[in-house]
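Hi everyone, thanks for coming.

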Amino acid sequence: MRLSISATAALTGWALLQTVLGYPGMKATMDELLNLKAKDCCKSDELLGDLVWLGKQQYSHVGRDIAKILGGDLSGESHEYYSRHLPPLGSRGCARDTCCVWQYIAYDMERLFRSRDGTCTDAARAAIRLAFHDAAGWSKYTGRHGGADGSIVLCPEELLREPNRGLEEIVQQTRYWYDKYRYYGISMADLIQLGANVATVICPLGPRIRTFVGRCDHPYPSRDGLLPSPLDDAHNLIELFRQKTIEPHGLAALLGAHSTSKQRYFNRARSGLPQDSTPGVWDVLYYYETLHGAPKNKVFSLPSDLILSEDHRIFPQFKAFAGPGGQEYWNYAETFPPQTTLLTRWWCCRKQDYAREYVRVSLLGVYNINNLTDCSKVLPPAILHWD
Ligand code: HEM
């Protein structure tokens, strides 16, 4: 009996949706329904840092935006650009605009991260991994210790840890940039996170992730054992990310960064092999090839990616990202393409998942979120089409 009641309810809901869709004027209602569905599936929506204890009325403009992004009510992508002439570095005009020096740094990064054929370089993938490893040295139980605080570069002992192998070159490069621009008042923590966001958008199809500056540096090593191991099981990995306020849906979205990665040290015999066939492009092929397999001599899937993709909390997201409309769902598009089925839309909850989850990552362990400045305008334009 109970079964038949829920079946009837499901059918009624389905019929209601079909009716709503039949009337273009009711698009808002459809959006509301999608949002409602989004709220009850395994999304990360916890507040972070000082936003937790500040009252909403105390939020700055940036604090309000970040709270909305974390709650899933605002996109984590930006379409803002510098609208005026960039003042010379070192001038009073540049000193007056917090983002000015960051524009110069972004130009330097762009040169290193874009290859001649327009795809992103090894330095770009390394910068994305570096920023994740700096921020992920935090959990709800470490309090104010660790997180996106620059310690991965500032504390040489972090670099000696096994999970950070392979980051030596990008750490050296980041130190070089820091030494070049430190006199303009930048922090290492911001520099590392800007590096990831510039690198991501340089990869064709990569999102323009909203970029905030003003983090504080902490020259103390983060606690060991907070970074994920490729040999761990799905349960432990999901728990590890939950302790960073990242739910399985968010983890599935973030793992897509492996769309652009290459492993060098995990399996030395197959060093240099990427995790999908197109490592220079920020596409959803990674999801498809992790689920369905890829040419063995060209792609190496990490055991953690394989095991997570099969977990019942992660699999539906992998399938949705790999399927029709997956690129838009994972990334950058304002709307689903017309051919996307109703079922995919229903299942897919919210859009632009990677950017939203990465904004969260970039703020782990940051306790002055309300005072940050939005410098997204310094990012290079996104490359929205790629064959
Ligand atoms: C379960 C979680 C994760 C595990 C176990 C994991 C593990 C790994 C491993 C073993 C490598 C190869 C390192 C090497 O041998 O050179 C790698 C590379 C990489 N990872 Fe992850 N990762 C995880 C999540 C993430 C996340 C969330 C991001 C970004 C948001 C990320 C970004 C990258 C990037 C960009 C690379 C490529 C680095 C390069 O090519 O130099 N990973 N990861």
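This is a predicted model: local features need pLDDT of at least 70, side-chain atom pairs count only at pLDDT 80 or more; totals for chains, interfaces and linings use all residues.

Residues are numbered from 1 along each chain as its sequence is written, and side-chain values use heavy atoms, with hydrogens and water left out.

So, the overview. We've got 18 helices and four strands here; those are DSSP runs numbered from the N terminus, with helices being H or I and at least four residues, and strands being E and at least two. Of the 387 residues, 54% are buried, and buried means under 20% relative accessible area, using a 1.4 Å probe and protein chains only. Take contacts between residues at least 6 apart in sequence: 72% of them join residues at least 24 apart. Contact, by the way, means heavy atoms within 4.5 Å.

Now let's zoom in on Met109, which sits in helix α5, residues 100-113. Is Met109 buried or exposed? Its relative accessibility is 1%, so Met109 counts as buried. Leaving out residues up to four places away in sequence, Met109 touches Trp177, Leu191, Leu194, Gly195 and Val198.

The axes of α5 and α10 are 10 Å apart and meet at an angle of about 50°; axes are lines fitted to C-alpha atoms, for helices over the stretch in contact, and angles run from 0 to 180 degrees between N-to-C directions. That's why α5 and α10 are called oblique to each other: under 35 degrees counts as roughly parallel, over 145 as roughly antiparallel, 65 to 115 as roughly perpendicular, and the rest as oblique. On the α5 side, Met109 is joined by residues including Trp102 and Phe113, and they meet α10 residues, among them Leu191 and Ile202.

And what does α10 do with α18? Helix α10 covers residues 188-202, helix α18 covers residues 353-362, and their axes come within 11 Å and cross at roughly 165°. That makes α10 roughly antiparallel to α18. The contact uses Gln193, Ala196, Asn197 and Thr200 from α10, with Tyr354, Tyr358 and Ser362 from α18.

Technical notes. Buried means under 20% relative accessible area, exposed over 50%, partly exposed in between (1.4 Å probe, protein chains only).
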